Amino acid sequence: MLAKAVLIMPAASMHISTFQIACQLPNRNITRELILFLKAHRIGHYSNNFISFSTKDKALSLQLLINFGYDLKLLAGKLHWEDFESLTSLIINSLGFKSLTNVYICKPRIQIDVIGIDNKVALVIDCKHWKSMSKISIERAGLKQLIRSKIFLERNKTIDKVLPIIVTLHNHEHKYVRGHSIIVPINKLKSFMLSYDLNVDEEDFIYRDELS
């Protein structure tokens with residue numbers, strides 16, 4: 001039920017009956033249960049028989065779904081690409097990283113979807129909410145991400161090494177792009193990072209001394 005509610009967030013004030021229809025809930029009792037659940041987690045604004053949601057409410061709801069172990073692949077496939085980036089950022093946050101989204105760097109001008117920072121290590125993440133990706137398209141994306149990662153490392157002197165990652169909607173046959181830019185599906189991102197030791201020197205990283 002919560003996943004259905006997430007898909008309509010954020011939303012302007014709507015009547016409870018409209019909320020029920022929008023969430024495709026079968027009856028008022030289930031709708032009432034969902035509303036009580038949302039209220040208990042301080043999600044949504046309520047006035048008489050009307051309800052509204054903010055962008056913050058959506059982020060809180062996505063975090064709850066992550067905590068509950070909801071099928072992230074199923075959820076991500078229904079989200080807008082911007083929400084896909086938010087979901088990726090929330091997963092990174094849940095692992096103890098400080099996350100930044102939509103980071104812009106000038107000269108040359110680049111945009112990085114999500115950055116996760118832990119001490120002197122950074123995850124530089126490109127989010128691909130594509131229904132399908134050919135071998136050529138994933139290689140192009142991987143090489144572009146490699147370039148973005150190097151530029152980010154050059155501009156951030158407090159970072160010693162970066163890990164270029166492409167987060168995809170679906171599984172892909174290729175795990176790496178020419179030795180760099182690791183490809184990880186959204187539903188495996190958390191388990192991948194939990195099994196990855198950032199303190200160990202790996203060839204997947206780009207190191208500052210490699211830039212000279």
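Select Pro-108 to begin, in the loop between β4 (98-105) and β5 (110-118), where helices (H or I, at least four residues) and strands (E, at least two) are DSSP runs numbered from the N terminus. The peptide bond that joins Lys-107 to Pro-108 is cis, with omega about 0°. This is a predicted model, in which local features need pLDDT of at least 70, side-chain atom pairs count only at pLDDT 80 or more, and totals for chains, interfaces and linings use all residues. Residues are numbered from 1 along each chain as its sequence is written, and side-chain values use heavy atoms, with hydrogens and water left out.

Now select Asn-119, in the loop between β5 and β6 (121-128), whose phi is positive, near 60°, although the residue is not glycine. Asn-119 is exposed, at a relative accessible area of 66% (exposed means over 50%, buried under 20%, partly exposed in between, with a 1.4 Å probe and protein chains only). Most residues other than glycine have a negative phi, and most peptide bonds are trans.

Asn-48, in the loop between β2 (45-47) and β3, likewise has a positive phi, near 55°, and counts as exposed at 78% relative accessibility.

Finish at helix α4, where the buried residues include Asp-57, Leu-62 and Ile-66. The buried residues of α4 pack against α1 (2-6), α3 (28-40), β3 (50-53), α5 (72-76) and α6, contact meaning heavy atoms within 4.5 Å. After α4 comes Gly-69, with a positive phi near 75°.
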